[in-house]
Amino acid sequence: MTTVPRRFEILLVAEFTDEHHHGPPTAENALRSAVVEATGERGSSGYPRYTGGGMEADIDTETRTVEALLIDGEELDYGLSVRVIAASGGLTRGPD
């Protein structure tokens with residue numbers, strides 16, 4: 001058994017970097033953010049599925065890479081990207 005995060009926060013950000021902002025994106029400077037929780041299912045990408053706040057994502061929990069994403073049922077527009085950060089809520093047990 002491995003442990004997988006029960007929840008993440010997904011930040012929707014513009015791809016460009018603001019030269020006046022230093023450090024990683026935060027919920028305060030994201031265009032949109034949502035806390036997503038594990039559904040216990042795997043998405044079509046094979047990674048665990050997370051949903052919440054109008055977002056549905058397949059997330060590689062080891063690298064925190066979003067492998068598939070829908071926002072309000074739509075794919076991401078060009079010029080936008082997402083970042084995944086830890087959200088409070090602990091861990092849950094998952095298959096190896």
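This is a predicted model: local features need pLDDT of at least 70, side-chain atom pairs count only at pLDDT 80 or more; totals for chains, interfaces and linings use all residues.
Colleague: Thanks! What do strands of a sheet pair through?

Modeller: Strands of a sheet pair through backbone hydrogen bonds, and the pairing may be parallel or antiparallel. Here, strand 5 (residues 55-60) and strand 6 (residues 65-71) pair in the antiparallel sense over 6 bridges.

Colleague: How many residues lie between strand 5 and strand 6 in their hairpin?

Modeller: There are 4 residues between them, and R64 in the turn has a positive phi of about 60°. On to another pair: strand 4 (residues 48-52) is antiparallel to strand 5, with 4 bridges. In that pairing, Y50 stands opposite A57 in strand 5.

Colleague: Which elements does the whole protein have, helices or strands?

Modeller: The protein has 0 helices and 8 strands. Buried residues make up 30% of its 96 residues. For contacts with a separation of 6 or more, 48% are between residues 24 or more positions apart.

Colleague: Which residues touch the most other members of the largest nonpolar core?

Modeller: That core has 14 residues, and those touching the most other members are F8, I10, V36, Y50, M55, I59 and L69. Strand 2 (7-14), strand 3 (32-42), strand 5, strand 6 and strand 7 (80-86) each give two or more residues to this core. Take M55 as a case: leaving out residues up to four places away in sequence, M55 touches I10, R32, S33, A34, V36, Y50, L70 and I71.

Colleague: And A38, where is its place? Why is A38 called partly exposed?

Modeller: A38 sits in strand 3. Residues between the buried limit of 20% and the exposed limit of 50% relative accessible area count as partly exposed, and A38 is partly exposed because its relative accessible area is 33%. Beyond its neighbours within four places in sequence, A38 is in contact with P5, R6, R49 and Y50.

Colleague: How many residues apart in sequence are A38 and V4?

Modeller: They are 34 residues apart in sequence, while their C-alpha atoms are 8.9 Å apart in space.

Colleague: What is the accessible surface of the protein?

Modeller: The accessible surface comes to about 6200 Å², and 48% of it belongs to carbon and sulfur atoms.

Definitions and conventions. Residues are numbered from 1 along each chain as its sequence is written. Side-chain values use heavy atoms; hydrogens and water are left out. Two strands pair if DSSP finds at least two bridges between them. Buried means under 20% relative accessible area, exposed over 50%, partly exposed in between (1.4 Å probe, protein chains only). Contact means heavy atoms within 4.5 Å. Accessible areas come from the Shrake-Rupley method with a 1.4 Å probe; for residues, only the protein chains shown count as cover. A nonpolar core is a set of buried Ala, Val, Leu, Ile, Met, Phe, Trp, Tyr and Cys residues joined through side-chain atoms within 4.5 Å.
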